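Here's a quick tour for anyone meeting this protein for the first time. Have a look at the structure, then read on.

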Amino acid sequence: MRLKEMKIDPRSMQLNIDIIGNKEPFAIVVCDGKARMTELPEHGETIIVTHQGKIKRVKWNEGEEF
């Protein structure tokens, strides 16, 4: 699975991210007190689908110019 669960500190409800350690571009989605991270494709698009104010799915459409 491409989405990786991230730890949220339950006492402070804060999310700490090491932005120096991640060399590739990435996106973080947060919903219902859960956070997940995904790396973005080199060529393509990442679509975040929502329904009634909640994230339902994340879709990737990858390609490469010919």
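What follows covers the overall build, the salt bridges and the charged surface patches.

This is a predicted model, where local features need pLDDT of at least 70 and side-chain atom pairs count only at pLDDT 80 or more, while totals for chains, interfaces and linings use all residues. Residues are numbered from 1 along each chain as its sequence is written, and side-chain values use heavy atoms, with hydrogens and water left out.

**Overall build**

- The protein has 7 strands and 0 helices; these are DSSP runs numbered from the N terminus, with helices being H or I of at least four residues and strands E of at least two.
- Along the sequence, that reads as β-β-β-β-β-β-β.
- The radius of gyration is 14 Å, whereas a compact globule of 66 residues would come out near 11 Å (taken over C-alpha atoms; the globule rule is 2.2 Å times the number of residues to the power 0.38).

**Salt bridges**

- There are 2 salt bridges, each being a side-chain nitrogen of Lys or Arg within 4 Å of a carboxyl oxygen of Asp or Glu.
- E62 pairs with R2 at 2.5 Å, N to O. This pair links distant parts of the chain, 60 residues apart, with E62 in strand β7 and R2 in the segment before β1.
- R36 pairs with E5, and their closest N and O atoms are 3.1 Å apart. R36 sits in strand β5 and E5 in strand β1, so the bridge ties together parts 31 residues apart in sequence.
- E5 is exposed at 51% relative accessible area, and R36 is partly exposed at 30%.

**Charged patches**

- E24, E39, E42, E64 and E65 form a negative patch on the surface. Patch members have over 30% relative accessible area and no salt bridge, with like charges joined within 9 Å and nonpolar side chains (Val, Leu, Ile, Met, Phe, Trp, Tyr) within 5 Å.
- E39, in strand β5 (residues 34–39), is partly exposed at 42%.
- K54, K56, R57 and K59 make up a positive patch.
- R57 belongs to strand β7 (residues 54–62) and is partly exposed at 46%.

Conventions
Accessible areas come from the Shrake-Rupley method with a 1.4 Å probe; for residues, only the protein chains shown count as cover. Lys and Arg count as positive and Asp and Glu as negative; His and the chain ends are not counted. The place of a charge is taken as NZ of Lys, CZ of Arg, CG of Asp or CD of Glu. Buried means under 20% relative accessible area, exposed over 50%, partly exposed in between (1.4 Å probe, protein chains only).
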